[in-house]
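Please read it alongside the sequence and structure shown here.

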Amino acid sequence: MHKPFKDRQTKIRLALMQKGFEGEVASSALAALALEPDREQEADLLTREAAKQWRLKRKYAGYDRRNRVKQALVRKGFDYDAIDAVLATLEEEQ
């Protein structure tokens, strides 16, 4: 599993809608599944992706770098609170 939990849920919902189910039916089917995220795996995935984005954005400094990394991680489907925690540790390591 290389995608965040929220991203996987969205893809399942979209696949159901592409098969012809209405939005409400797809949402209720997803709710009936009662999927649970694997917190440890999600944290590991976020840590790896944050480190990668931090390296990619190394030409920027300070707030600009942090903001660009945060935007990239949000686009990938990670939660804001988790992103802030990981970015704080990355900034401390420098």
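## Terms and source

Buried means under 20% relative accessible area, exposed means over 50%, and partly exposed lies in between (1.4 Å probe, protein chains only). This is a predicted model, in which local features need pLDDT of at least 70 and side-chain atom pairs count only at pLDDT 80 or more, while totals for chains, interfaces and linings use all residues. Residues are numbered from 1 along each chain as its sequence is written, and side-chain values use heavy atoms, with hydrogens and water left out.

## Salt bridges

Side chains of opposite charge can pair when their charged atoms come close. A salt bridge is taken here as a side-chain nitrogen of Lys or Arg within 4 Å of a carboxyl oxygen of Asp or Glu. By this rule the count comes to seven salt bridges.

Lys-6 forms a salt bridge with Asp-79, with the closest N and O atoms 3.5 Å apart. This pair links distant parts of the chain, 73 residues apart: Lys-6 is in helix α1 and Asp-79 in the loop between α4 and α5 (80-93). Helices (H or I, at least four residues) and strands (E, at least two) are DSSP runs, numbered from the N terminus. Asp-79 is partly exposed because its relative accessible area is 45%, and Lys-6 is also partly exposed, at 42%.

Arg-66, Lys-70, Asp-84 and Glu-91 are linked in a network of salt bridges. In one of these, the side chains of Arg-66 and Glu-91 meet at 3.1 Å, N to O. Arg-66 belongs to helix α4 and Glu-91 to helix α5, 25 residues apart. Glu-91 has a relative accessible area of 34%, so Glu-91 counts as partly exposed.

The side chains of Asp-84 and Lys-70 meet in a salt bridge at 2.9 Å, N to O. Because Asp-84 lies in helix α5 and Lys-70 in helix α4, the pair ties together parts that are 14 residues apart in sequence. Asp-84 is partly exposed at 25%, as is Lys-70 at 22%.

## Buried residues

Lys-57 lies in the loop between α3 and α4 (62-75). Lys-57 is buried yet has no salt bridge, and the nearest side chain of opposite charge, Glu-49, is 8.5 Å away. For charge, Lys and Arg count as positive and Asp and Glu as negative, while His and the chain ends are not counted. Not counting residues up to four places away in sequence, Lys-57 touches Arg-65, Arg-68 and Val-69, where contact means heavy atoms within 4.5 Å.

Gln-53 lies in helix α3 and is buried because its relative accessibility is 7%.

## Pocket and cavity

On a 1 Å grid over the protein atoms alone, a cavity is a set of points where a 1.4 Å probe fits but cannot get out, and a pocket is an open set with protein on both sides within 12 Å along at least five of seven lines; lining residues have an atom within 4 Å of a point. Grid points are joined across faces, edges and corners, and a volume is the space filled by probe spheres set on the points.

The largest pocket has a volume of about 230 Å³. Its lining includes Lys-6 and Asp-79, and α3 gives the most to that lining, with four residues. The structure holds one cavity of 30 Å³ or more; the largest cavity has a volume of about 40 Å³. Lys-3, Arg-8, Asp-38, Gln-41, Glu-42 and Leu-45 line the largest cavity.
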